Amino acid sequence: MSLPNTPMAHALALARQALPLAPPNPGVGCVIVSPDGTVLGQGHTQRAGGAHAEIVALHDATAQGRSVAGATAYVTLEPCAHHGRTGPCCDALVAAGIGRVVACVVDPNPLVAGQGFARLRAAGVEVVVGPGAEAARELNLGFFSRMQRGVPWVRMKLAASLDGRTALPDGQSQWITGAAARRDGHAWRARAGAVLTGIGTVLEDNPRLDVRLVDTPRQPGVVLVDSRLQVPLDAHLFIAGRAITIYAAARNDAKEAALRERGATVVHMPGADGKVDLRAMLRDLAQREVNELHVEAGEKLNGSLVRDGLVDELLVYLAPRLIGQGRGMAAFGPLSALGDAVPLQFKSVDAVGGDVRIVARIAGRDVF
């Protein structure tokens, strides 16, 4: 549903600004409008533990000396009704005298799940639900995924040549795509709850996997799949103050102690094949409040995630060059028939500098 030049479109734009800031909370925007159409206050979700969008908008109106009595609050998600890190937003709206709330969608959090709307209505506030619902869910796919599926939204980022090669046979990959694509990739990192990679990538490339090329108010955590705890203690992943979670299949008490000294959390999650149980890992990451998991790994781990049906979306940057022999995007298969191929839906295709960015979603993963 198109919402050009409406208060809800404005609220959705504010919600988009909150995406790098809000995790593990959803990115929410709020615009408070008087009966004559004047914007009285606006805001978006702050960092976890900070004010929610409705509170920011109410404070904005107060700071300008504007009364919101009888006004309409346009908000991209149901106002919360529980005491979490902050108090209930529905109660704050009622106390401020808001007369009407227009919201995109019900909050999937079972601690809310309609209770915010119920309390607003019980207090005499008119409630309208639905405008902008699809856009609001798209903005917060990770939050909806965690709440409704019990796993994060898994987005796999790939940078490849036009013939699908992510590296030369010896592993050289810097740089296949250009500077603009790399900056854009960092912007996608910035909105994630965590960035995942595998031990093969760490041993070959020693990446930092932080956000450097765009401004960000928050560094996402790092998740490392390292079945035998081979990660060097001086790896670049160990950036001071950043959360790093390492999933292992084998035990090594001495190495674990050393990793904990480096600030890492080591989680044992062995699967039947002696490797990390990736499906269980995703469930555990949801328990750790990861909404979006941004994958930047090699073809082996990528292949395992695709083969097990654990990837929701591909973020692919294609460079205008051919490499020929080299490493691929995801090593799985071989398939016995073309009908067994993983079905995708293109969500967007855009030029980014001299490269092309494709966002492709696994078919059927659009709505929860």
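Where is Pro-24 found? I looked there first. Pro-24 is in the loop between α1 (7-18) and β1 (29-33). I note that this is a predicted model.

**Entry: cis peptides**

I checked omega at Pro-24. A cis peptide bond joins Pro-23 and Pro-24. Omega for that bond is about 10°. I then turned to Pro-334. Here a cis bond links Gly-333 to Pro-334, with omega about 5°. Pro-334 lies in the loop between β12 (313-319) and β13 (344-352).

**Entry: positive phi**

I looked up Asn-206. Its phi is near 45°, a positive value in a residue other than glycine. I place Asn-206 in the loop between α8 (199-205) and β8 (221-225). Is Asn-206 buried or partly exposed? I find Asn-206 partly exposed, because its relative accessible area is 26%.

Leu-229 came next. Phi of Leu-229 is near 50°, again positive and again in a residue other than glycine. The residue sits in the loop between β8 and β9 (244-248). Leu-229 has a relative accessible area of 2% and is therefore buried. The cut-off for buried is under 20%.

**Entry: helices α3 and α4**

I moved to the helix pair. How do the axes of α3 and α4 cross, and at what angle? The axes of α3 (residues 89-96) and α4 (residues 115-122) come within 9 Å. They cross at roughly 20°. Angles under 35 degrees count as roughly parallel, so I log α3 and α4 as roughly parallel to each other. The crossing of α3 past α4 is right-handed.

I listed the contact residues. From α3 they are Cys-90, Asp-91, Leu-93 and Val-94. From α4 they are Gly-116, Arg-119 and Leu-120. Sorted by class, this contact has 4 nonpolar, 1 polar and 2 charged residues.

**Entry: Ala-51**

My last stop was Ala-51. I find Ala-51 in the loop between β2 (39-44) and α2 (53-63). Ala-51 is partly exposed, with a relative accessible area of 24%. Which residues does Ala-51 contact, leaving aside its neighbours within four places in sequence? I get His-44, Thr-45, Gln-46 and Val-56.

I also took the distance from Ala-51 to Gly-326. The two are 275 residues apart in sequence. In space they are 49 Å apart, C-alpha to C-alpha.

Terms used
Residues numbered from 1 in each chain as written. Predicted model: local features only at pLDDT ≥ 70, side-chain atom pairs only at ≥ 80, totals over all residues. Heavy atoms only, no water. Axes fitted to C-alpha atoms, helices over the stretch in contact; angles between N-to-C directions. Helix = DSSP H or I, 4+ residues; strand = E, 2+ residues; numbered from the N terminus. Parallel < 35°, antiparallel > 145°, perpendicular 65-115°, else oblique. Left-handed = near helix turned anticlockwise from the far one by under 90°. Contact = heavy atoms within 4.5 Å. Nonpolar A, V, L, I, M, F, W, Y, C, P; charged D, E, K, R; others polar. Buried < 20%, exposed > 50% of the residue type's maximum accessible area, 1.4 Å probe, protein only.
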